[in-house]
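I opened my notebook to get to know a new structure. I wanted the overall build of a chain, a chain contact and a helix pair.

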Amino acid sequence: MTASQIQKLSQAAPADAVGYGPLVAGLALAALALTILSTVIGYAPLDIGRALSDFLHGVRSLPALVLIELRLPRALLGCFVGFSLGITGAAMQGLLRNPLAEPGVIGISGAAALGAVIVFYYGLAGVLALALPLGGIVGAMLAAVLLYGLVGRGAGTMTLILAGVAINAFAGAMTSLALNLAPNPYAALEIVFWLMGSLVDRSLPQVWLVLPLMAVGWALLLSSGAALDGLTLGEDSAQSLGFDLSTLRLKLIAGSALAVGSAVAVTGAIGFVGLVVPHVLRPFVGARPGRLMLVSGFGGAVLLLAADIGVRLLPIHPELNLGVVTALIGAPFLFSLIYRLRTEA
Amino acid sequence: MQIRAEKLTVRFGAATILDRVGLDLRPGEVVGLIGPNGAGKTTLLRVLADLVSASAGEVRYDGKPRGELGRAALARRLSFLAQGGEVYWPLRVDHIVALGRLPHRQPFAGMNANDHAAIERAMIAADIKHLRHRTSATLSGGERMRVLLARALAVESEMLLADEPVAALDPLHQLRIMELLQSTGRKGAGVVVVLHDLTLATRFCDRIVLLAGGRILLDGAPSELTDDLIADAYGVAAFRGEHAGQPFVLPWAPLGPKLRRNDNRGEPN
């Protein structure tokens, strides 16, 4: 893709109509508000005041349990996973200088999903409560190590993309194989549903397991902002501005593996958030890749929480899987991108 | 800053791009790096900017090897203007110029008064202040090159390496950019500019380095660029003239194959 095509795809940037500070603050507040709203909305009526007061007084009442065991993990994961998808999508688009890049492009998500599928396949999910996310995290880390090996040997961005394609293809094939050889139809069904991505029935221990990993990932990604700004002018210019590109690639691989790998490990694959959110927010930060990351993080949280609240408000049962909903929103968006590229070319 | 390259050799696979090239660069001097396609000009510039490592030989910055200087320190002292002038996102012009201040900024810190002043000076020098709120997507080729040159000037480095900054520009913009590079040299910075236009090179540069087939054929004053050297390097006959007391060189007609010694067409650049 040429630079001019990228410019067309990524829209002319309005001159920072909203300041960066107010934009970050606004999106962060929206994410916080939706996280709270997400604990209030559910299928069964819940007296939040009573649930909260019971919980604070150590009373294990039904409302307190519903709030803490069901609603809170779902809301928190919606926020953190959305943040991870948004920030990693922005980082990958910045690294590859391509508005069609998304968190899964280097194969981390596929590998994380495969790790979880293997746990399902061997029936370990029922044996150990945290086996599923741990399997996903191991899958993501193995993919990261493989990519690290390649980049450590001086491979460039193109090699990174090709390696991502290879990892995704391998993970996809192995996932299909697991479905193919599933011991019983229920196991296969369980895998298929999990792969669709959802925030339902996750637990607080799962949240505490992945949150520190995600936070380290976010920090690694955010610390690469200046280098991604420099990359706007190409690899030679970025390097001449003092940024070591191998270090940058390693930081972004590690950051994505920690942020998105652990997100996929608990929620399954939720597509399109990491593609759509940076694209929508890019004009508001003057297309600067460094600034796009934090706003895309909060934007991702807002989108995922809104979609998750949406599926609970829709009168459709059984509830739609979140990955299905985000893809239903994302696919038309992608078509509009292609349409714009074709009409402006 | 002084840069001294000694016996630089660069090989890509079986091809030798640079063959034991030696070069001294001094502050306040505008050096025109010329030579036919595939001569190794871009590779030499990239080695000098530490963007690619030499297979043999070394580059010293003020007598120090690059390892002693550090990438961040080098970035503050040497700026590089890449060939092609691509801008991958539709950034605003003043934001593009501000990228030149990245080597001077602390992690996560915003820009200080020095940075703003340097950006302002660079935009005035490149005459792009009126474009500051436009986005890169809306600029013409000449405007974009001036913006990118302003970005390189905003580093306020002691050495500026520019790879074909006037390629594909109309005569007015070519002259403006050359004047700008010349005035950058007059202010004390060292400038190396890769050029294909022999007329501009001989007119605006203090020194000419003629590269052909990975070797230096000439390192001297523009007046030393003889017809024989031009014939050797490019395989063309040149027309010479003088205007307002200033000599100029104009490539005029291709020579027959027998008269060419260094036919380098087809080699990588």
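My entries follow, from chain B to a helix pair in chain A.

I noted first that this is a predicted model, where local features need pLDDT of at least 70, side-chain atom pairs count only at pLDDT 80 or more, and totals for chains, interfaces and linings use all residues. Residues are numbered from 1 along each chain as its sequence is written, and chains are lettered from A in the order in which they are written.

**Chain B.** I looked up its secondary structure and found 9 helices and 12 strands (DSSP runs, H or I of at least four residues for helices, E of at least two for strands, numbered from the N terminus). The C-alpha trace spans about 60 × 45 × 35 Å along its principal axes. I read that 48% of the 269 residues count as buried (20 or more other C-beta atoms within 10 Å of their own, with C-beta atoms placed from the backbone).

**Chain B against chain A.** I found 24 residues of chain B in contact with 27 residues of chain A (C-beta atoms, placed from the backbone, within 7 Å). On the chain B side, helix 3 (71-77) and strand 6 (78-81) each supply at least two residues. Helix 3 of chain B gives the most, with 3 residues.

**Helix pair in chain A.** I checked helix 5 (residues 108-121) and helix 8 (residues 185-195) of chain A: their axes come within 10 Å and cross at roughly 155° (lines fitted to C-alpha atoms over the stretch in contact, angles from 0 to 180 degrees between N-to-C directions). That makes helix 5 of chain A roughly antiparallel to helix 8 of chain A (over 145 degrees). Among the residues making this contact are A:F120 of helix 5 and A:W194 of helix 8.

Key. Parallel < 35°, antiparallel > 145°, perpendicular 65-115°, else oblique. Contact = placed C-beta atoms within 7 Å. Buried ≥ 20, exposed ≤ 12 C-beta atoms within 10 Å, placed from the backbone.
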